[in-house]
Amino acid sequence: MRELPNVKDLFEARSLAVIGASATPGKIGYSIVKNIVNDGYTGKLYPVNPKGGEVLGFPIYKCLKDIPGEVDVAVITVPSNFVFDAVRECAEKGVKFLPIITSGFSEIGNKEEEKQIIAFAREHGMRVLGPNIFGYSSSKISLNAAFGPNNLRKGGVAIITQSGALGIAMMGKTTVECVGLSCVVSIGNKADLDEADLLEYLENDPETRVILMYIEGVQKGQRLLSVLERVTRKKPVVVIKSGRSSRGAMAAASHTGSLAGADNVFEAVMKQAGVMRAESLDEAFAWCKFLTAAPAPKGENTCIVTNGGGVGVMATDASEKYGLNLYDDQAKLKEIFSPVTPEFGSTKNPVDITGQAGYKEYSQALTAALENPAIHSVVALYCETAVFTAETLQAMMKESYEKYQKAGKPLLFSIIGGEKIEKAIVNIREDQIPVFPDVYQAVSCMGAMYNYSRHAALPAPVIEARKLNVPRIKETIAKAKADGRTFLLPWESKVVMDECGIRMPRNAIARSHDEAIKLAKEVGYPLVMKVASKDIIHKSDAGGVKLNINDDAGLLKAYEDILTSCKKYKADAKIDGMELCEQVKLTTETIVGARRDASFGPTVMFGLGGIYVEVLKDVVFRSLPVSRAEAKGMVAGIRAHKLLEGVRGEKPKDIDGVADVILGLGALIQAVEEISDIEVNPIVVNEAGKGVIALDVRILLY
Ligand code: ACO
């Protein structure tokens, strides 16, 4: 068995065969050879086709074994029924990588053949890209082995795409948008090589400065995340994913499941891994281009320089949306900008040098910002006026941009106007200067830059080891399973919560009225009574919960009322008795859930809890494990976080206590694979230092 090759040999292939190369223009096997020849591949090219002959001046070999030298990569573009034979020939020849263009495999249900091909290839030391791809490019060897556009511009952006047609369109767009590429890889059915394998190469590829991924679905999510967490500390990764809509939400037996909708989890875990998700292709391209060229800011202070008040306000709004920190030291701003701002302008940020500002005034204002160390980045806005010609505007932008690049300070422009301005934008982009016709787009690029720098500066997460008595938990679960149940009863859940260090109210199960009176003394009034029945999961819906029981008389009445309602709700429900529970004062109610996501494995959710959790949907997700800092970050991440931080003179709540629950449930779902979902709702959060208390727990089993 041959050792699997290093992905480097795919991107730095010294020799490449095209199996199914065609001399007939218009065929895919012809287009690929044409692009390889046109873009000037630096290695050896071997077209292969049983008919022989020649294509674009290259002799066509009748079979792979006729090729005199070694072949690193064989691009396969023969009909699907011939693919396996071609793969066998490649094994004999010792080929390392097989980009398989051909469609007709798992994407149309032909999973078995695809599986066999991959297994065979791997057994013979070969790795497969695809099948069902448009090819790949690698600027290092000037290779364009794809049936997309040619004359690709070289540069620092690597594109990995799952979609074929969109991928080809993206390649075309890079030439129009002047985006330089280090590589484009179509992964198609990703039956063997996937995003994670490619990211591992790109992580250390000096030519790749930014990675853009288009993803439709994720299979091995945990591996992808662990690679992304590493890569994003070295270079920015931007992702576009289709499927934001709520239709993708999964039907599940818990709030956590239904709130998890595939996209919410994707969004959250990408953020956790430091990946930036773009809303659109345009946004993704703009970010990639800016992040490739701009120096990283040395601090948080951004300054907006404008010749128009209106666009200045728009940019201020956009700054809030994209997380820019506008420099706010008014005295210092006055000192920096007074000498270059007319009386009727404004030195506040946005600095308004007014509509009369021409070449000289603009340059002076940008120079003042550049030279002052208190300002770390600049967004320059320009609305078309008669005092600037398109030529002087371009010259000013070029000059300022070069100075800023040299000084290591990020600068970008947004210019708004008519035909001349639109033309100027096209010209300036040719010079790789970041310029946008829209203020929001410009600010979003600076926001992406800050997002990335903040993530890269974060310390590596420290994961706490948590000890759980796993055998005891498993024993409890085994009993439930032996009983034919796929969920734990309340007292069983309490055993599990005890093991996780999560406090629940004092409780006891009464199986008769007399026993209830006796146990109520131990639990203490006021108390809550809940029906104990494995046949009733939604207790409140069944009228199976009574609050505010203050004495023995109330206790007996509640017992009777619950029995009556539950029998009405489900006549054949077997009622084991009543659970008596210490009544906890409801203050801030939260929810913590944990489940196994189909793509990303164990995940944890935190949010505002109680009965409106699915209406409010104020929840956040993370992939496990999480550090304590990340768990606290989840609390800070919900819209209603201020409720926990203390509002209207209230003391802050016990956020460390919440973090303990998050970490405890996280450890539990990771350690006990029999559990599919855990949900603790509500968890009442007391003042800081006074802990949290879990009122209800649902544990579902596979
Ligand atoms: N070894 C070498 N060459 C062979 C072999 C073989 N074993 N068998 C056949 N060939 C040659 C043929 O003789 C032909 O050459 P010719 O033009 O000189 O006659 C060439 O290979 C191609 O074979 P054809 O039968 O002509 O097949 P065709 O070119 O029509 O289609 C293809 C082949 C392109 C692989 C097709 O089967 C296919 O899968 N198309 C879809 C590709 C695709 O869309 N991929 C996803 C991209 S992403 C997106 O969606 C845009």
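This briefing walks through a sheet, a nonpolar core and some ring contacts in the structure above. The model is predicted, so to speak of local features a pLDDT of at least 70 is needed and side-chain atom pairs count only at pLDDT 80 or more, while totals for chains, interfaces and linings use all residues. Residues are numbered from 1 along each chain as its sequence is written, and side-chain values use heavy atoms, with hydrogens and water left out.

**The sheet**

- An open sheet of mixed pairing is built from seven strands, ordered β9-β8-β11-β10-β12-β13-β14; strands are DSSP runs of E with at least two residues, numbered from the N terminus, and helices are runs of H or I with at least four.
- The edges are β9 (143-146) and β14 (276-277), each with a single partner strand, so one side of each has no neighbour in the sheet.
- Two strands pair if DSSP finds at least two bridges between them; β10 (residues 154-161) and β12 (residues 210-215) pair in the parallel sense over five bridges.
- V157 has V210 in β12 as its bridge partner.

- I160 lies in strand β10 and is buried at a relative accessible area of 1% (buried means under 20%, exposed over 50%, partly exposed in between, with a 1.4 Å probe and protein chains only).
- I160 and V185 are 25 residues apart in sequence, yet their C-alpha atoms are 4.8 Å apart in space.
- Contacts of I160 (heavy atoms within 4.5 Å), not counting residues up to four places away in sequence, include V185, I187, L198 and M213.
- The largest nonpolar core has 60 residues, and L16 and Y136 touch the most other members; such a core is a set of buried Ala, Val, Leu, Ile, Met, Phe, Trp, Tyr and Cys residues joined through side-chain atoms within 4.5 Å.
- Leaving out residues up to four places away in sequence, Y136 touches L10, L16, V73 and V185, among others.

**Aromatic pairs**

- The whole structure holds seven aromatic pairs (rings of Phe, Tyr and Trp, the last by its six-membered ring, with centres within 6.5 Å; planes under 30 degrees apart are stacked, over 60 edge-to-face, the rest tilted).
- One of them is Y46 with Y61, edge-to-face at 5.7 Å centre to centre and 80° between the planes.
- Y46 counts as buried at 7% relative accessibility.
- F11, Y136 and Y201 form one aromatic cluster.

**Charges over rings**

- K241 has its charged end over the ring of F266, 5.0 Å from its centre (NZ of Lys or CZ of Arg within 6 Å of the ring centre and within 35 degrees of the ring normal).
- K173 lies over the face of F285, 5.8 Å from the ring centre.
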